[in-house]
Amino acid sequence: MTVLSIPVPTDEALTRLRAATPLVQCITNSVVTNFTANALLAVGAAPAMVDLPEEAGIFAGVADGVLVNLGTPNAQQADAARVAVAATDRWVLDPVAIGTLPVRTAMAAELVRARPAIVRGNASEIIALAGAGTGGRGVDSVAGSEDALEAAGQIAREHGTVVAVSGEVDVITDGARVVRIAGGDRLLTLVTGGGCSLGATMAAFLGVCDPVSAAVSASVVHAVAAERAAAGCSGPGSFAVAFLDALAAIGPEDVRDRVSSLA
């Protein structure tokens, strides 16, 4: 694979996002709704947790981006996801904890065929979605992001999507090219909603740029915010608050150098 070019640099994408305040519909799990909404507000988007089947398709038609997260996939959310993704092409699939759990695994396999703009997951989830593994340890990955590169490329090519594998180094591919984003901090893995909020931020960026740029920009912004939050906190609790503050404080100039070192 060759280096993946970024059509819209992250500093420009962030400027666009802050100017547009994209409306992001979140069909997400009940554990992370508050943190996800706060992360979207901090980065400059407008969250809306619309997951009733009778409303989800209507709202997806006007939303700038949609997140479908399978963390707690009850029947209502499953139906809401189906109608939402039929109404937009600006959506992110987050196949949380698939592999050993049959309901969410089948749902992820169904939804990926609807061609999400971005698939975001940890390495074990991406490997399981490609049919090459049985998932991780609950929501935690037992593989590294590089281990999932082949599976990510397969999914990207088969479903015409961009796949973002989260890990110590995030790996993003369109099936032919790849970019790696280093950074962040392990404290983000000790806060419920760290990965889920990243998927939501990718959906926000889908409102202002293409899927490759959206996935890269969200990953860079979250990495920078995590690093800054970790530098001034004493543990996971203070980190969660500091992370939201860092998301709100990040400006285009803070991500410009990071992007140029990766592209």
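Hi everyone, and thanks for coming. Before we start, please keep in mind that this is a predicted model.

Let's begin with open space. The largest pocket holds about 1,100 Å³. Which residues sit closest to its centre? They are Asn-122, Ser-166, Leu-188, Thr-189 and Gly-195, out of 39 residues that line the pocket. Several elements take part in that lining: β6, α6 (123-129), β8 (169-173), α8 (194-206) and α9 (211-231) each bring at least two residues. Of the contributors, α8 gives the most, with 4 residues. If you sort the pocket lining by class, you get 18 polar, 13 nonpolar and 8 charged residues.

As a general idea, rolling a probe the size of a water molecule over the atoms shows where empty space is left. How many cavities of 30 Å³ or more does a search of the whole structure find? The search finds 1. The volume of the largest cavity is about 40 Å³. Its lining is made up of Ile-27, Val-68, Asn-69, Leu-70, Pro-73, Gln-77, Ala-78, Ala-81 and Met-107. Both β4 (65-69) and α4 (75-85) supply at least two of the lining residues, and the largest share, 3 residues, comes from α4. By class, this lining has 7 nonpolar and 2 polar residues, with no charged ones.

Since α4 has come up, let's look at how helices pack. In general, two packed helices are described by the angle between their axes and the distance between the axes. Take helix α3, residues 53-62, with α4: their axes come within 8 Å and cross at roughly 30 degrees. Angles under 35 degrees count as roughly parallel, so α3 is roughly parallel to α4. The crossing of α3 past α4 is right-handed.

Our other pair is helix α2, residues 33-43, and helix α10, residues 236-249. These two pack at an angle of about 30 degrees, with their axes 7 Å apart. By that cut-off of 35 degrees, α2 is therefore roughly parallel to α10. Here, too, α2 passes α10 in a right-handed crossing.

Most residues other than glycine have a negative phi. With that in mind, have a look at Ala-97, where phi is positive, near 60 degrees. You will find Ala-97 in the loop between β5 (91-94) and α5 (102-112). Is Ala-97 buried or exposed? Its relative accessible area is 7%, and buried means under 20%, so Ala-97 is buried.

Move along to Arg-115, where phi is also positive, near 65 degrees. This residue sits in the loop between α5 and β6 (118-122). Arg-115 has a relative accessible area of 48% and is partly exposed, because that value falls between the 20% limit for buried and the 50% limit for exposed.

One last stop, back in helix α8, which is where Ala-203 lies. Ala-203 has a relative accessible area of 0%, so it counts as buried. How far apart in space are Ala-203 and Ala-117? Their C-alpha atoms are 9.0 Å apart, while in sequence the two residues are 86 residues apart.

To recap, we saw a largest pocket of about 1,100 Å³ and a largest cavity of about 40 Å³.

Terms used. Residues numbered from 1 in each chain as written. Predicted model: local features only at pLDDT ≥ 70, side-chain atom pairs only at ≥ 80, totals over all residues. Heavy atoms only, no water. Buried < 20%, exposed > 50% of the residue type's maximum accessible area, 1.4 Å probe, protein only. 1 Å grid on protein atoms, 1.4 Å probe; cavity = no way out; pocket = protein on both sides within 12 Å on 5 of 7 lines; lining within 4 Å. Points joined across faces, edges and corners; volume = space filled by probe spheres on them. Nonpolar A, V, L, I, M, F, W, Y, C, P; charged D, E, K, R; others polar. Axes fitted to C-alpha atoms, helices over the stretch in contact; angles between N-to-C directions. Parallel < 35°, antiparallel > 145°, perpendicular 65-115°, else oblique. Left-handed = near helix turned anticlockwise from the far one by under 90°.
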